[in-house]
Amino acid sequence: MNRVENVSRRSLLKGFAGMGGLVLGMQITPESLMSATAKSGSHASSRFKPNIWLALQKNGDLTIVTHRSEMGTGCRTSLPMIVADEMEADWKRVAIEQAIGDEKYGSQNTDGSRSVRNFYQTMRVAGASARQMLEAAAAKRWGVSAEECTAKNHFIVHESGKKLGFGELAEIAADLPIPPQEKLTFKEKKDWRYVGTAMPMTDLEDIVTGKAKFGLDVELEGMKYASIERCPVVGGKVISFDPTDALTVTGVDEVVEIPAAKPPFRYQALGGVAVIGSSTWAVLQGREKLRIKWDRGENVIYNSDTYRTQLEATAGKPGVVVREEGDVDKVFASDAKTHEAAYYTPHLAHAAMEPLAATARAKEDTCELWAPTQNPQAARDEAANALGLDKKKVICNVTLLGGGFGRKSKPDYCAEAAILSRKLGNLPVRVVWTREDDMRHGYYHACAALNLKAAVDENGSPTAWRQRTVFPTIGWIFGDTSNRGSAGELGQGFSDLAFSVPNLRVEVGKTKTHVRVGWLRSVANIYHAFAVHSFADELAHLAGRDPLEYMLELIGKERHVDMSKVEYPNYDQPLEIYPIDTGRLAKTLTLAATKIGWGRKLPKGRGLGLAVHRSFLTYVASAVEVEVTKAGKLTIPRIEMAVDCGLYVNRDRVISQMEGAAVFGTGLAMMGEITAREGAIVEGNFMDHLIPRINEAPIQTNVHIIENSAPPAGVGEPGVPPVPPALTNAIFAATGKRVRELPLSKVDLGWS
Amino acid sequence: MIKLRVNGVAQRFNGDPQTPLLWYLRDALGLTGTKYGCGVGLCGACTVHQNGNAIRACITPVANLDGADITTIEGLGKDGIHVVQKAWMEHDVPQCGYCQPGQIMSAAALLASNSKPSDDDIDRSMSGNICRCGTYQRIRTAIKAAAEELA
């Protein structure tokens, strides 16, 4: 529920002080965090405080506060669109102000594809309240009934035809009571002005002219630059270091040690040796001359190749059962025909184009941060912890993010800046991560081994389905010592399997974690979707059946999947409101298949592949067309993406997120891999950790939005999961080669 | 002493001549539209023009630029918005936006030498610029639109 109060006279919001006019705040219910993190109590945001979303000035200028971080999804534009629409404001009069980190806004952790999902109603209430108060203000001014007054594009119009601008009514409205929740009326869909349209991003011109300010662009008076050498292995620490040579570099002022983080690592600064100076170039040069002896700690045992062997062995054995229907063992023990397959996917790095950066200015008992953070409250809290300050004494300003993908939810880099500013006697300092730092000190997408087995009847339809997954859990960084995936991770495309199979068992195996594992765009859905939808395609081909027809049979009749016996967070939303709807799955899959021209006969070397996946409460199907030369060179002429995300706000940003997901998904499938050797990450830059380039990306991606009045879901992540299996299913159709491990760069796709 | 022009303004550089142009532009001149992405010339986020040609500022020492005429994203539209920037806006190319100044500088250099680039030409000229958000399809469309505008 949202409770609104008029706080015009309190001028709480930085930047709004003394503006006069109408300011609306409201109390909102912060959503719980993803189970993977909330379970470990990482940053429960359970306090409720009033909050401010918009300010209307007497001249009619309207400022709308956006509290979520802009990293490319467009939420900095779409959330204000909701407010402006419901308020009947003129978008041309809207200025957008980025909020600092403060729990009064509710969760600001911009991940989980939930900005619109969790704040649609909040923004709507903010806009509707303002609109009704302005209508009431006009009624008061004219001495008429409010029912006779209607808001229309920044004016209140009386039924007689006279009208007053929003700005002219701001002062009167400011003295009126907030309408109670039950008295709020919302615009009918036919009257929506912005929601559902394609709106250019508010920062578009600044971006293309180079004026947009990202984290690395923050410049403070007297600011120093810092570059930090961190232990190559998580949990390692400095034994000793010699700064002598580094200090000979012109422009290097100081070399200071940051103490090593202790487990659980959470978002702590990792520790290391920082070179401080007067330019980025100077500190990078100085850092190369550091001599450091490390105690690499216990995680030196981590090697990706041996770890993979262990994961695969574990996936081959019974694990902890997290969902069970019927009796798979009984079916497997019969003489039914069975099929079993093992899949493996590697670690991935976020590799946002903007490497991590943060700027801090500590004072005696305060600290101010400027950071490209997805999670400003956590950044504030981590800085406060590091400096021993009350979090109220720390301000976190949010810049634009040069990509995030989950990495910038973890503010270890912000803590570093705060620590260094304090160590330098409270000088402002910007911490610059090199690309290599960013690649080698990440919170990696988990590698995973999966084993799937099915028994099939005479039609090749499954009568029993058993699936096992093993991966290092995100929970480890928060102190979870269970060594197994959480309900949140398992609920991402695994325990929530939507296939209609009479006997089903879902298991998870145990494994230890030796690097910081973190969520990356669509998280555990990546490996789960890859295995599940590859396996479905395998069964279809084994049965000699058309994969589309087979997958539709697997999805089964239209229903809401019964999850009552499963520990299933459903992305922290109730199943009654956001069920697992097989009808939507089937419709989305059918649409993508139709658009790719499913059923076309293609010569060998060309093929089509399909997958449909529900994640973050959104349904996305990918239909991929590939060409593979005899030598094994892969090109992707076309991808059709069908998406049902329920209500959406900015049509063009839904499309752009799906276009981007097609590149992200094919990219990770084709070339994404991070490996560890003796605990250290091997890959360091774009020569060994590859990101698809324009000549490697899908040539054409078409996006088809299914109009649906279901509640809003989200689009930042759910485009990704179906893409890798649709791609490898297409490769099978083209070549007869079944891909069970990623990336494809390690697989010979040649055929004859 | 190295003398160069940046966006039409004469500059004198007295620092370490091995300083990459990128850090000189950003730290000394405050031209932060040119972005750091990799430091080794692999991602293109730092693309600027040297005498009209696209170069990677992160691997170009200022020592090599005596007498050079450098244009950055801030100086691209000498008379307002450059046609490439305009096309980028009309096609809503950016997502996060971080790589886009470099993409735009590469595209502008391409169109300056090739007024009607084919898909292969675009691949060749733009494959040095990584976009992690995956805006390539719109980049291609915007380049073609800008080419039409220039024709």
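1. Into which domains is chain A divided? There are three entries: domain 1 (3-204), domain 2 (215-298 + 356-432) and domain 3 (304-349 + 443-746). The bounds come from an automatic or database domain assignment. Before going on, some housekeeping: this is a predicted model, where local features need pLDDT of at least 70, side-chain atom pairs count only at pLDDT 80 or more, and totals for chains, interfaces and linings use all residues. Residues are numbered from 1 along each chain as its sequence is written, while chains are lettered from A and ligands numbered from 1 in the order in which they are written.

2. On confidence, pLDDT is the predictor's confidence in each residue, from 0 to 100. Chain A averages 93, and 93% of its residues score at least 70. Two stretches to keep an eye on are residues 7-20 of chain A, where pLDDT stays under 50, and residues 26-51 of chain A, where pLDDT is below 50 as well. The model has 23 contacts beyond four places in sequence for residues 7-20, and 75 contacts beyond near neighbours in sequence for residues 26-51. A contact here is a pair of residues whose C-beta atoms, placed from the backbone, lie within 7 Å. Where pLDDT is low, the predicted coordinates should not be read in detail.

3. Now the overall build of chain A. It has 17 helices and 28 strands, taken as DSSP runs numbered from the N terminus (helices are H or I with at least four residues, strands are E with at least two). The C-alpha trace spans about 85 × 75 × 45 Å along its principal axes. For 752 residues, a compact globule would have a radius of gyration near 27 Å, and chain A agrees with 27 Å; that radius is taken over C-alpha atoms, and the globule rule is 2.2 Å times the number of residues to the power 0.38. Among contacts in chain A with a separation of 6 or more, 80% are between residues 24 or more positions apart.

4. As for burial, 60% of the 752 residues of chain A count as buried. The cut-offs: buried is 20 or more other C-beta atoms within 10 Å of the residue's own, exposed is 12 or fewer, and partly exposed is in between, with C-beta atoms placed from the backbone. The largest nonpolar core holds 290 residues, and A:Ala226, A:Leu369, A:Ala383 and A:Ala418 touch the most other members. Such a core is a set of buried Ala, Val, Leu, Ile, Met, Phe, Trp, Tyr and Cys residues joined through C-beta atoms within 7 Å. Helix α3 (residues 115-142) of chain A gives the most to this core, with 13 residues. Leaving out residues up to four places away in sequence, the partners of A:Ala226 include A:Ala274, A:Ile276, A:Leu420 and A:Arg430.

5. Back to the domains of chain A. The C-alpha centres of domain 2 and domain 3 of chain A are 37 Å apart, and 11 residues of domain 2 are in contact with 12 residues of domain 3. On the domain 2 side, six are nonpolar, one is polar and four are charged. The classes are: Ala, Val, Leu, Ile, Met, Phe, Trp, Tyr, Cys and Pro nonpolar; Asp, Glu, Lys and Arg charged; the others, Gly among them, polar.

6. What about the contact between the chains? It takes 48 residues from chain A and 44 residues from chain B. On the chain A side, α16(A) has the largest share, seven residues. By class, that side has 23 nonpolar, 15 polar and 10 charged residues.

7. Finally, a few backbone spots worth a look. Most residues other than glycine have a negative phi, and most peptide bonds are trans. The bond from A:Pro263 to A:Pro264 is cis, with omega near 0°, and A:Pro264 sits in the loop between β11 (252-258) and β12 (272-277) of chain A. Another cis bond joins A:Leu742 and A:Pro743, with omega about 5°. A:Phe616 has a positive phi of about 50°, and with 26 other C-beta atoms within 10 Å this residue is buried. B:Asn51 also has a positive phi of about 50°, but B:Asn51 is exposed, with 12 other C-beta atoms within 10 Å.
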